[in-house]
Amino acid sequence: MSASKFTLLCNSHNCRTKLSGFAWVTACSHVFCDQHGTEEFSRTPAICPACSSMLSGKLDVLRTELAPSEQYKAMVLVGLQPETVLEISHKALDFWTYQVNQERLLMEYSLSRAGGQVLQMEKFMIQQNQSKELELNALRGEIASLKKVLEEYKRKYSEVLERLNERNGQYQKLQGLLDSLRMHTLGTGEKDPISHPFTTGLVKPRSSHSSPSFLGPEGDRFFSLGPENAKTFFQFSTPTRDRTQTFKKN
(Lines give C-alpha, C1' and ligand atoms only; values in the text may rest on other atoms or scores of the structure.)
Protein backbone atom coordinates (compact mmCIF):
# COMPACT_ATOMS: atom_id res chain seq x y z
CA MET A 1 0.00 0.00 0.00
CA SER A 2 1.45 3.36 -1.02
CA ALA A 3 2.08 5.76 1.87
CA SER A 4 0.83 8.66 -0.18
CA LYS A 5 -2.57 6.98 -0.59
CA PHE A 6 -2.75 5.66 2.96
CA THR A 7 -5.06 7.43 5.39
CA LEU A 8 -4.59 7.13 9.12
CA LEU A 9 -7.40 5.41 11.03
CA CYS A 10 -8.25 5.66 14.70
CA ASN A 11 -6.58 2.71 16.44
CA SER A 12 -9.50 2.31 18.85
CA HIS A 13 -11.25 -1.01 18.16
CA ASN A 14 -14.65 0.61 18.58
CA CYS A 15 -13.96 3.55 16.26
CA ARG A 16 -11.77 2.87 13.19
CA THR A 17 -12.71 6.19 11.57
CA LYS A 18 -10.53 8.15 9.16
CA LEU A 19 -8.54 10.85 10.91
CA SER A 20 -8.61 14.51 9.96
CA GLY A 21 -7.93 17.77 11.76
CA PHE A 22 -6.39 16.96 15.15
CA ALA A 23 -5.32 13.52 16.44
CA TRP A 24 -3.55 12.03 19.45
CA VAL A 25 -0.27 10.17 18.82
CA THR A 26 1.64 8.04 21.31
CA ALA A 27 5.22 6.97 21.81
CA CYS A 28 4.15 3.37 21.07
CA SER A 29 3.26 4.48 17.49
CA HIS A 30 -0.52 4.48 17.90
CA VAL A 31 -2.89 7.21 16.85
CA PHE A 32 -6.40 8.06 17.97
CA CYS A 33 -9.10 10.47 16.93
CA ASP A 34 -9.51 13.67 18.89
CA GLN A 35 -12.65 12.45 20.69
CA HIS A 36 -11.30 9.09 21.91
CA GLY A 37 -7.85 10.56 22.64
CA THR A 38 -9.35 13.28 24.83
CA GLU A 39 -11.44 10.69 26.71
CA GLU A 40 -8.61 8.20 27.23
CA PHE A 41 -5.64 10.45 27.91
CA SER A 42 -7.34 12.80 30.34
CA ARG A 43 -6.69 10.23 33.08
CA THR A 44 -3.50 9.90 35.05
CA PRO A 45 -1.51 7.79 34.41
CA ALA A 46 -2.38 7.52 30.74
CA ILE A 47 -2.67 4.03 29.21
CA CYS A 48 -2.67 3.28 25.49
CA PRO A 49 -6.09 1.78 24.54
CA ALA A 50 -4.45 -0.25 21.72
CA CYS A 51 -1.54 -1.99 23.47
CA SER A 52 -2.10 -1.06 27.16
CA SER A 53 1.36 0.57 27.40
CA MET A 54 2.00 3.05 30.23
CA LEU A 55 2.40 6.61 28.89
CA SER A 56 3.85 8.33 31.91
CA GLY A 57 6.33 10.63 30.10
CA LYS A 58 5.56 14.24 29.40
CA LEU A 59 5.94 13.74 25.64
CA ASP A 60 4.64 10.17 25.42
CA VAL A 61 1.26 11.52 24.24
CA LEU A 62 0.84 14.54 21.97
CA ARG A 63 -2.12 16.21 20.37
CA THR A 64 -1.01 17.16 16.88
CA GLU A 65 -2.45 18.76 13.82
CA LEU A 66 -2.49 16.39 10.85
CA ALA A 67 -2.57 19.14 8.23
CA PRO A 68 -0.42 21.97 9.64
CA SER A 69 -0.13 25.34 8.00
CA GLU A 70 2.72 26.28 5.66
CA GLN A 71 4.15 28.66 8.26
CA TYR A 72 4.32 25.88 10.83
CA LYS A 73 6.05 23.53 8.37
CA ALA A 74 8.56 26.27 7.49
CA MET A 75 9.52 26.99 11.11
CA VAL A 76 9.20 23.71 13.02
CA LEU A 77 12.62 22.30 12.01
CA VAL A 78 14.44 25.53 11.43
CA GLY A 79 17.80 25.74 13.27
CA LEU A 80 18.07 22.03 13.92
CA GLN A 81 21.10 20.02 12.89
CA PRO A 82 20.70 17.94 9.73
CA GLU A 83 21.27 14.82 11.78
CA THR A 84 18.45 15.86 14.10
CA VAL A 85 16.17 16.62 11.17
CA LEU A 86 16.97 13.24 9.65
CA GLU A 87 16.40 11.49 12.99
CA ILE A 88 13.06 13.23 13.43
CA SER A 89 12.10 12.34 9.86
CA HIS A 90 13.22 8.74 10.38
CA LYS A 91 11.03 8.37 13.50
CA ALA A 92 8.10 9.96 11.71
CA LEU A 93 8.56 7.54 8.81
CA ASP A 94 8.82 4.62 11.26
CA PHE A 95 5.49 5.69 12.71
CA TRP A 96 3.91 5.64 9.24
CA THR A 97 5.50 2.29 8.38
CA TYR A 98 4.15 0.77 11.60
CA GLN A 99 0.67 2.08 10.91
CA VAL A 100 0.73 0.74 7.34
CA ASN A 101 1.97 -2.68 8.51
CA GLN A 102 -0.63 -2.83 11.28
CA GLU A 103 -3.38 -2.06 8.81
CA ARG A 104 -2.02 -4.69 6.43
CA LEU A 105 -1.91 -7.30 9.19
CA LEU A 106 -5.40 -6.37 10.29
CA MET A 107 -6.68 -6.67 6.75
CA GLU A 108 -4.93 -10.04 6.32
CA TYR A 109 -6.47 -11.27 9.57
CA SER A 110 -9.90 -10.09 8.50
CA LEU A 111 -9.39 -11.71 5.11
CA SER A 112 -8.28 -15.04 6.63
CA ARG A 113 -11.18 -14.94 9.04
CA ALA A 114 -13.56 -14.24 6.18
CA GLY A 115 -11.90 -17.05 4.20
CA GLY A 116 -12.45 -19.45 7.11
CA GLN A 117 -16.07 -18.41 7.30
CA VAL A 118 -16.37 -18.93 3.55
CA LEU A 119 -14.87 -22.43 3.88
CA GLN A 120 -17.30 -23.23 6.68
CA MET A 121 -20.16 -21.94 4.60
CA GLU A 122 -18.96 -24.00 1.63
CA LYS A 123 -18.81 -27.16 3.79
CA PHE A 124 -22.24 -26.37 5.16
CA MET A 125 -23.59 -25.80 1.67
CA ILE A 126 -22.03 -29.07 0.44
CA GLN A 127 -23.63 -30.96 3.33
CA GLN A 128 -26.94 -29.25 2.67
CA ASN A 129 -26.70 -30.04 -1.04
CA GLN A 130 -25.91 -33.69 -0.30
CA SER A 131 -28.81 -34.01 2.12
CA LYS A 132 -31.15 -32.27 -0.30
CA GLU A 133 -29.91 -34.49 -3.11
CA LEU A 134 -30.69 -37.56 -1.01
CA GLU A 135 -34.13 -36.20 -0.24
CA LEU A 136 -34.62 -35.39 -3.90
CA ASN A 137 -33.62 -38.91 -4.94
CA ALA A 138 -36.01 -40.36 -2.37
CA LEU A 139 -38.79 -38.15 -3.68
CA ARG A 140 -37.96 -39.18 -7.25
CA GLY A 141 -38.19 -42.85 -6.25
CA GLU A 142 -41.48 -42.20 -4.51
CA ILE A 143 -42.79 -40.39 -7.57
CA ALA A 144 -41.73 -43.30 -9.79
CA SER A 145 -43.51 -45.80 -7.52
CA LEU A 146 -46.61 -43.61 -7.44
CA LYS A 147 -46.55 -43.44 -11.23
CA LYS A 148 -46.47 -47.24 -11.36
CA VAL A 149 -49.40 -47.42 -8.95
CA LEU A 150 -51.24 -44.86 -11.05
CA GLU A 151 -50.64 -46.87 -14.22
CA GLU A 152 -51.90 -50.00 -12.46
CA TYR A 153 -55.03 -48.17 -11.36
CA LYS A 154 -55.54 -46.87 -14.89
CA ARG A 155 -55.25 -50.40 -16.26
CA LYS A 156 -57.72 -51.74 -13.70
CA TYR A 157 -60.05 -48.84 -14.42
CA SER A 158 -59.91 -49.63 -18.14
CA GLU A 159 -60.70 -53.29 -17.46
CA VAL A 160 -63.59 -52.40 -15.17
CA LEU A 161 -64.91 -49.90 -17.70
CA GLU A 162 -64.71 -52.51 -20.46
CA ARG A 163 -66.58 -55.03 -18.32
CA LEU A 164 -69.14 -52.41 -17.44
CA ASN A 165 -69.70 -51.65 -21.11
CA GLU A 166 -70.15 -55.37 -21.80
CA ARG A 167 -72.63 -55.71 -18.95
CA ASN A 168 -74.48 -52.64 -20.16
CA GLY A 169 -74.71 -54.18 -23.63
CA GLN A 170 -76.00 -57.43 -22.16
CA TYR A 171 -78.46 -55.51 -20.04
CA GLN A 172 -79.70 -53.59 -23.07
CA LYS A 173 -80.21 -56.87 -24.96
CA LEU A 174 -82.06 -58.45 -22.05
CA GLN A 175 -84.16 -55.33 -21.66
CA GLY A 176 -85.05 -55.47 -25.34
CA LEU A 177 -86.02 -59.16 -25.06
CA LEU A 178 -88.09 -58.43 -21.97
CA ASP A 179 -89.91 -55.62 -23.71
CA SER A 180 -90.61 -57.81 -26.77
CA LEU A 181 -91.91 -60.62 -24.52
CA ARG A 182 -94.15 -58.19 -22.71
CA MET A 183 -95.55 -56.88 -25.97
CA HIS A 184 -96.07 -60.43 -27.24
CA THR A 185 -97.78 -61.45 -23.99
CA LEU A 186 -100.05 -58.44 -24.00
CA GLY A 187 -100.96 -59.05 -27.67
CA THR A 188 -101.87 -62.72 -27.17
CA GLY A 189 -103.76 -61.94 -23.97
CA GLU A 190 -106.08 -59.57 -25.78
CA LYS A 191 -106.85 -62.21 -28.50
CA ASP A 192 -107.40 -65.26 -26.19
CA PRO A 193 -107.94 -64.32 -22.54
CA ILE A 194 -108.93 -67.95 -21.61
CA SER A 195 -105.71 -69.54 -22.79
CA HIS A 196 -103.65 -67.16 -20.66
CA PRO A 197 -105.42 -66.79 -17.36
CA PHE A 198 -102.22 -65.54 -15.69
CA THR A 199 -102.17 -62.57 -18.03
CA THR A 200 -105.74 -61.31 -17.74
CA GLY A 201 -106.65 -62.75 -14.38
CA LEU A 202 -109.97 -64.12 -15.75
CA VAL A 203 -110.83 -67.87 -15.77
CA LYS A 204 -113.90 -69.21 -17.54
CA PRO A 205 -116.07 -71.17 -15.08
CA ARG A 206 -116.48 -74.81 -15.93
CA SER A 207 -119.90 -76.45 -16.53
CA SER A 208 -121.47 -78.20 -13.59
CA HIS A 209 -121.68 -81.38 -15.65
CA SER A 210 -118.15 -81.27 -17.07
CA SER A 211 -115.75 -83.82 -15.72
CA PRO A 212 -112.20 -83.18 -14.60
CA SER A 213 -109.58 -83.10 -17.31
CA PHE A 214 -107.72 -86.14 -16.02
CA LEU A 215 -110.82 -88.43 -16.64
CA GLY A 216 -110.80 -87.79 -20.35
CA PRO A 217 -113.90 -87.62 -22.58
CA GLU A 218 -115.55 -90.59 -20.81
CA GLY A 219 -115.76 -88.68 -17.60
CA ASP A 220 -118.73 -86.62 -18.72
CA ARG A 221 -120.72 -89.73 -19.48
CA PHE A 222 -119.72 -91.29 -16.15
CA PHE A 223 -120.68 -88.29 -14.06
CA SER A 224 -123.76 -87.28 -16.06
CA LEU A 225 -126.46 -88.42 -13.63
CA GLY A 226 -130.02 -87.57 -14.24
CA PRO A 227 -132.70 -87.47 -11.54
CA GLU A 228 -133.61 -91.12 -12.00
CA ASN A 229 -130.01 -92.26 -12.01
CA ALA A 230 -129.21 -90.14 -8.97
CA LYS A 231 -132.12 -91.70 -7.09
CA THR A 232 -131.02 -95.20 -8.01
CA PHE A 233 -127.35 -94.38 -7.18
CA PHE A 234 -128.17 -93.14 -3.69
CA GLN A 235 -130.80 -95.84 -2.89
CA PHE A 236 -129.45 -98.48 -0.52
CA SER A 237 -131.20 -101.90 -0.16
CA THR A 238 -132.06 -102.84 3.40
CA PRO A 239 -132.08 -106.46 4.58
CA THR A 240 -135.47 -108.17 4.98
CA ARG A 241 -137.12 -108.79 8.28
CA ASP A 242 -136.74 -112.57 8.05
CA ARG A 243 -133.06 -112.41 7.52
CA THR A 244 -132.67 -110.14 10.46
CA GLN A 245 -134.51 -112.41 12.74
CA THR A 246 -132.63 -115.48 11.49
CA PHE A 247 -129.33 -113.67 12.23
CA LYS A 248 -130.47 -112.98 15.73
CA LYS A 249 -131.49 -116.57 16.42
CA ASN A 250 -128.21 -117.91 15.29
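**Close-up 1. Salt bridge between glutamate 108 and arginine 104.** In this predicted model, the side chains of glutamate 108 and arginine 104 form a salt bridge with an N to O distance of 3.0 Å. The two residues lie 4 residues apart in helix H3 (residues 82–191), so about one helical turn separates them. Glutamate 108 is partly exposed, at 41% relative accessible area, and arginine 104 is likewise partly exposed, at 39%.

**Close-up 2. Salt bridge between lysine 132 and glutamate 135.** Here the side chains of lysine 132 and glutamate 135 meet at 3.9 Å, N to O, a distance that counts as a salt bridge because the cut-off is within 4 Å. Both residues belong to helix H3, where a spacing of 3 residues places them about one helical turn apart. Lysine 132 has a relative accessible area of 48% and is partly exposed; glutamate 135, at 44%, is also partly exposed.

**Close-up 3. Salt bridge between arginine 43 and glutamate 40.** The side chains of arginine 43 and glutamate 40 are joined by a salt bridge of 3.4 Å, N to O. Arginine 43 counts as exposed, with 53% relative accessibility, because the exposed class begins over 50%. Glutamate 40 is partly exposed, with a relative accessible area of 25%.

**Close-up 4. Salt-bridge network of Glu152, Arg155 and Glu159.** In this view, salt bridges link Glu152, Arg155 and Glu159 into a network. Side chains of opposite charge can pair when their charged atoms come close. The structure as a whole contains 9 salt bridges.

Definitions and conventions: Residues are numbered from 1 along each chain as its sequence is written. This is a predicted model: local features need pLDDT of at least 70, side-chain atom pairs count only at pLDDT 80 or more; totals for chains, interfaces and linings use all residues. Side-chain values use heavy atoms; hydrogens and water are left out. Buried means under 20% relative accessible area, exposed over 50%, partly exposed in between (1.4 Å probe, protein chains only).
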